Amino acid sequence: MRTLFALILVAASVLATPALAAMSAVNPALAQNPAARPKKVMLLPPQVFVYELSAGGVPTRMADWEATARDNLVAAANRLAHEAGFELLPAPALDPQLSDQLEAHMGLYERVAQSVFVYGRGDQDAWAHKQNEFDYTLGPGLAFLREQSGADAALIVLGSDYISSGGRRAAFIAGLALGVIMPLGQSFITAGIVDLRSGDVLWMSFDSSATMDSRTRTDVDTLMHDLYATWPAAK
């Protein structure tokens, strides 16, 4: 997952803005026929990694912060699902073999998301054709989720959030006095919907912020609202 978020970090650095508006890539079959959008979408457990940045910029993974961030993402995704026009279903309990299968496909999704971010949005002239030749897929390996729940598609949320410690914030203030600008942190979130029958990617949305705190409910609500707003059926 670090590869994907490193790419978004580069984009954020190049644009040099405190926050990027949500960017998205949509399967043209869905964009041209919003009525065919999935009606029941299963929310898979969000995978979000939260780190505290020391004064020297060393990241330390914080398990308790991650738990809070995951809870916030699940709650926001459920509260705001009506804006996208679908019913959000919880993921079922799985036996170890199917859990491993799901985990493997989450890893595959991260690789596919990387490709969608680089090529599928069509921002570069050389890859503009990929907006129409949108052939990103995970394959049918998650069809068992449809069979167990009746869901049409799955919503996958991946994230990474770097939060400054008190020492780093103090160093930031001291650096300003010397004309040195020190990054305080950055968050990167992507949400995507995958057809559970075919595994085809229907939509992905990406957002980056230098101010969002994934531990804060209102921040995560705003983020999920912005991500959902790029869904072609959003109201």
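Which residues do ring pairs link into a cluster? I looked this up and found Phe 86, Trp 203, Tyr 228 and Trp 231.

**Entry 1. What I am working with**

I note that this is a predicted model, in which local features need pLDDT of at least 70 and side-chain atom pairs count only at pLDDT 80 or more, while totals for chains, interfaces and linings use all residues. I number residues from 1 along each chain as its sequence is written, and side-chain values use heavy atoms, with hydrogens and water left out.

**Entry 2. Aromatic pairs**

I wrote down the rule before looking at rings. Rings of Phe, Tyr and Trp (its six-membered ring) pair if their centres lie within 6.5 Å; planes under 30 degrees apart count as stacked, over 60 as edge-to-face and the rest as tilted. A pair of aromatic rings is described by the distance of the centres and the angle of the planes.

The structure holds six aromatic pairs. I took Tyr 51 and Tyr 162 to begin with: their ring centres are 4.8 Å apart and their planes are at 10°, so this pair is stacked. Tyr 51 is in strand S3 (residues 47-53) and Tyr 162 in strand S6 (residues 153-164), so the pair links distant parts of the chain, 111 residues apart. For the element names I used DSSP runs numbered from the N terminus: helices are H or I with at least four residues, strands are E with at least two.

Are these two tyrosines buried or exposed? My cut-offs for relative accessible area are under 20% for buried, over 50% for exposed and in between for partly exposed (1.4 Å probe, protein chains only). Tyr 51 has 8% relative accessibility, so I count Tyr 51 as buried. Tyr 162 has 23%, so Tyr 162 counts as partly exposed.

I then went to Trp 203 and Trp 231, an edge-to-face pair with 5.4 Å centre to centre and 85° between the planes. Trp 203 lies in strand S8 and Trp 231 in the segment after helix H7 (217-228), so the pair ties together parts 28 residues apart in sequence. Trp 203 is buried, with a relative accessible area of 0%, and Trp 231 is buried at 2%.

**Entry 3. A charge over a ring**

Which residue lies over the face of Trp 65? I found Arg 215, at 4.2 Å from the ring centre. The rule asks for NZ of Lys or CZ of Arg within 6 Å of the ring centre and within 35 degrees of the ring normal.

**Entry 4. Strands around S6**

I counted two strands as paired if DSSP finds at least two bridges between them. S2 (residues 40-43) and S5 (residues 87-90) run parallel and are joined by four bridges; Met 42 stands opposite Leu 89 there. S2 also pairs with S6 in the parallel sense, over three bridges. In S6, Ala 153 is opposite Val 41 and Leu 155 is opposite Leu 43.

S3 runs parallel to S6, with seven bridges, and Val 50 stands opposite Asp 161. S6 and S7 are antiparallel, with ten bridges; here Tyr 162, from the stacked pair, stands opposite Gln 186. Eleven of the twelve residues of S6 are buried.

I also checked what lies around Leu 155. Val 194 in strand S7 is 39 residues away in sequence and 6.7 Å away in space, C-alpha to C-alpha. Ala 77 in helix H3 is 78 residues away in sequence and 9.3 Å in space, again C-alpha to C-alpha. Val 194 is buried at 1%, and Ala 77 is buried at 0%.

**Entry 5. The hairpin of S7 and S8**

S7 (residues 186-195) and S8 run antiparallel and are joined by eight bridges. The bridge partner of Ile 193 is Trp 203 in S8. Five residues lie between the strands of this hairpin, and Gly 199 takes a positive phi near 85°. S8 (residues 201-209) has nine of its nine residues buried.
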